[in-house]
Amino acid sequence: MVQNILNKFVGTKYIALLRAWVPNMVAWGTVGGVALVHFTDWRLVLDYVPYIKGKFTKDE
């Protein structure tokens, strides 16, 4: 059903291209997300991970 709708609006050629590129886009998106966390404040992001959060508690 979804493929029939996509065929009507996009076309078979572009659906085949999209299927070929989706794994590549997912991989590059993951690399980009990891790079974003690496080059920004990684501790701010890791504070939301439950297991790691306890390792960075501040003793006041």
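I looked up the partners of glutamine 3 first: beyond its neighbours within four places in sequence, glutamine 3 is in contact with Ile15 and Arg19, where contact means heavy atoms within 4.5 Å. This is a predicted model, in which local features need pLDDT of at least 70, side-chain atom pairs count only at pLDDT 80 or more, and totals for chains, interfaces and linings use all residues. Residues are numbered from 1 along each chain as its sequence is written, and side-chain values use heavy atoms, with hydrogens and water left out.

I checked confidence next. pLDDT is the predictor's confidence in each residue, from 0 to 100. The chain averages 80, and 83% of the residues score at least 70.

I noted the elements. The chain has four helices and zero strands; these are DSSP runs, helices being H or I of at least four residues and strands E of at least two, numbered from the N terminus.

I went back to glutamine 3, which lies in helix H1 (residues 2-9). The C-alpha atoms of glutamine 3 and isoleucine 15 are 8.6 Å apart, with the two residues 12 apart along the chain.

I then took the helix pair. Gln3, Leu6 and Asn7 of H1 meet Thr12, Ile15 and Arg19 of H2. By class, this contact of H1 with H2 has two nonpolar, three polar and one charged residues (Ala, Val, Leu, Ile, Met, Phe, Trp, Tyr, Cys and Pro count as nonpolar, Asp, Glu, Lys and Arg as charged, the others, Gly among them, as polar). The axes of H1 and H2 come within 8 Å and cross at roughly 120 degrees.

I looked at cover last. Over the chain, buried residues make up 3% of the 60 residues. Just after H1, glycine 11 takes a positive phi of about 115 degrees.

Key
Buried means under 20% relative accessible area, exposed over 50%, partly exposed in between (1.4 Å probe, protein chains only). Axes are lines fitted to C-alpha atoms, for helices over the stretch in contact, and angles run from 0 to 180 degrees between N-to-C directions.
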